[in-house]
Amino acid sequence: MPIDKESVSGDLLCEAGVAHLDNAGAALMPRCVLETQIDHLRLEAAVGGYEAERLRSDQLDAVYDSVARLLNCRRDEVAIVENATVGWMMAFYSIPFEPGDRILTAEAEYASNYLAYLQIACDRGVVVETVPSTADGELCIESLRKMIDERVKLISITHVPTNGGLVNPVEEIGAIARANDILYLVDACQSAGQIPLDVDAIQCDFLSATGRKWLRGPRGVGFLYVSNRILDSLHPPMIDLFSATWIDADHYELRKDARRFENWESNYAAKLGLGSAIDYALNIGLDEIETEVSRLADILRARLGEIDGVSLHDIGKRKCGIVTFAVAGVDAAGIESGLRENGIHVSVSSPVSTLIDATRRQLPDLVRAGVHYYNREAEIDALVRCVKAMSEQGA
Ligand SMILES: Cc1ncc(COP(=O)(O)O)c(C=O)c1O
């Protein structure tokens with residue numbers, strides 16, 4: 001069923017005249033997500049944080065069910081953490097790498113992830129290798145297959161990179177990881193909320209994501225999926241009195257579930273907001289969301305492609321809602337600020353956020369527009385008009 005745009009628009013709190021197309025940065029929360037958080041903050045102010053937590057324990061518990069429904073996993077496979085990076089790091093740094101182990105990743109890997117590979121490479125003598133991309137731009141499955149040997153300890157892939165509309169074939173990669181019994185970590189930060197995710201189909205051991213982007217949740221909250229298949233074989237890189245119990249002077253016991261990757265204190269209002277955002281997305285339907293996001297992104301790419309001097313930089317056979325482009329004669333920051341003056345929000349994607357891919361393709365700073373299902377074609381028209389005018393002035 002197509003998305004009911006009127007009803008979705010009714011839940012927006014966006015200022016009149018603003019076209020928010022920075023959904024790859026942070027999307028707009030629907031009203032219910034905001035209200036859920038305000039409601040909890042009011043309760044905390046009224047009765048204190050601990051009492052508020054006790055009173056809302058059922059709702060807080062239900063957030064794990066919401067994440068589990070989103071990912072098709074079990075609630076005990078979910079940890080709710082501060083952001084995607086914390087989730088990803090807790091997974092990555094729990095892997096007992098040894099000298100000579102190999103990490104295989106994609107060319108469009110996210111900077112923070114790659115920095116962690118480099119640190120572990122330096123610290124433990126691990127080898128980091130990027131799997132070449134196909135001519136279309138996604139990770140090449142054939143090349144990956146050929147690179148597999150018994151030294152590959154981890155395949156770690158960003159599903160949708162921060163710098164463009166590419167969607168990597170995470171299911172095909174997962175089939176190879178599973179067949180060879182290799183750990184598989186998926187960064188779904190830019191896909192959660194715009195593309196359906198099924199960890200059974202992906203066959204990953206870990207998957208990390210954030211609240212504030214396509215899921216339309218609050219800032220400062222994210223989650224990590226850890227498969228029960230591997231949970232007991234890994235130790236979190238750090239523990240506290242929440243993730244473990246102090247048994248006696250010499251011993252502790254880890255929690256039995258994925259929450260061993262959490263720590264004691266957290267932002268309960270944001271956690272409840274995340275649950276509300278996920279329920280909102282599930283209620284619309286992730287298939288429906290993906291269809292509408294792709295439709296709008298296709299329109300935006302086609303329209304931008306008609307402007308002289310505009311080059312589009314999204315690669316991959318399958319593309320999503322992130323649209324990146326450059327304008328000859330005007331730098332990306334200039335386009336971003338020109339659009340902002342006209343009430344249109346986009347962001348700039350710098351080469352250092354995906355250095356391997358950006359170097360290979362010799363990418364400059366790019367303008368990044370992320371279209372969500374609540375955006376209107378009129379907003380796309382407005383962006384295209386402004387870019388055309390700036391391109392003509394810059395030429
Ligand atoms: C692909 C990708 N992974 C991870 C992150 C980090 O997410 P967070 O800021 O929630 O830690 C981002 C943020 O832009 C991202 O684009």
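This is a short tour of a predicted model, stop by stop.

**Before you start.** Numbering runs from 1 along each chain as its sequence is written, and side-chain values use heavy atoms, without hydrogens or water. Local features need pLDDT of at least 70 and side-chain atom pairs pLDDT 80 or more, while totals for chains, interfaces and linings use all residues.

**Stop 1: the aromatic rings.** Rings of Phe, Tyr and Trp (its six-membered ring) pair if their centres lie within 6.5 Å; planes under 30 degrees apart are stacked, over 60 edge-to-face, the rest tilted. That rule gives 8 aromatic pairs. Select Trp-88 and Phe-92. Their ring centres are 4.9 Å apart and their planes are at 20 degrees, so this pair is stacked. Both belong to helix H5, residues 84-92. Helices here are DSSP runs (H or I, at least four residues), numbered from the N terminus. Trp-88 and Phe-92 are 4 residues apart, so about one helical turn separates them.

Buried or exposed: which is Trp-88? Trp-88 is buried, at 1% relative accessibility. Buried means under 20% relative accessible area, exposed over 50%, and partly exposed in between (1.4 Å probe, protein chains only). Phe-92 is buried too, at 0%.

Phe-92 and Tyr-117 pair edge-to-face, 5.5 Å centre to centre with 65 degrees between the planes. This pair links distant parts of the chain: Phe-92 is in helix H5 and Tyr-117 in helix H6 (residues 111-124), 25 residues apart. Tyr-117 is buried, as is Phe-92.

**Stop 2: Gly-48.** Where does Gly-48 lie? Gly-48 is in the loop between helix H2 (31-47) and helix H3 (49-55). Its relative accessible area is 25%, so Gly-48 counts as partly exposed. Gly-48 and Ile-356 are 308 residues apart in sequence, and their C-alpha atoms are 48 Å apart in space.

**Stop 3: the ligand.** Select the ligand and its surroundings.

Go to Asp-187. One of its polar side-chain atoms lies 2.6 Å from a nitrogen atom of the ligand. At Thr-210, a side-chain N or O atom is 2.6 Å from a ligand oxygen atom. At Ala-84, a polar backbone atom is 3.2 Å from an oxygen atom of the ligand.

Technical notes: Helix = DSSP H or I, 4+ residues; strand = E, 2+ residues; numbered from the N terminus. Polar contact = N/O pair within 3.5 Å; in protein donor to acceptor, adjacent residues only side chain to side chain.
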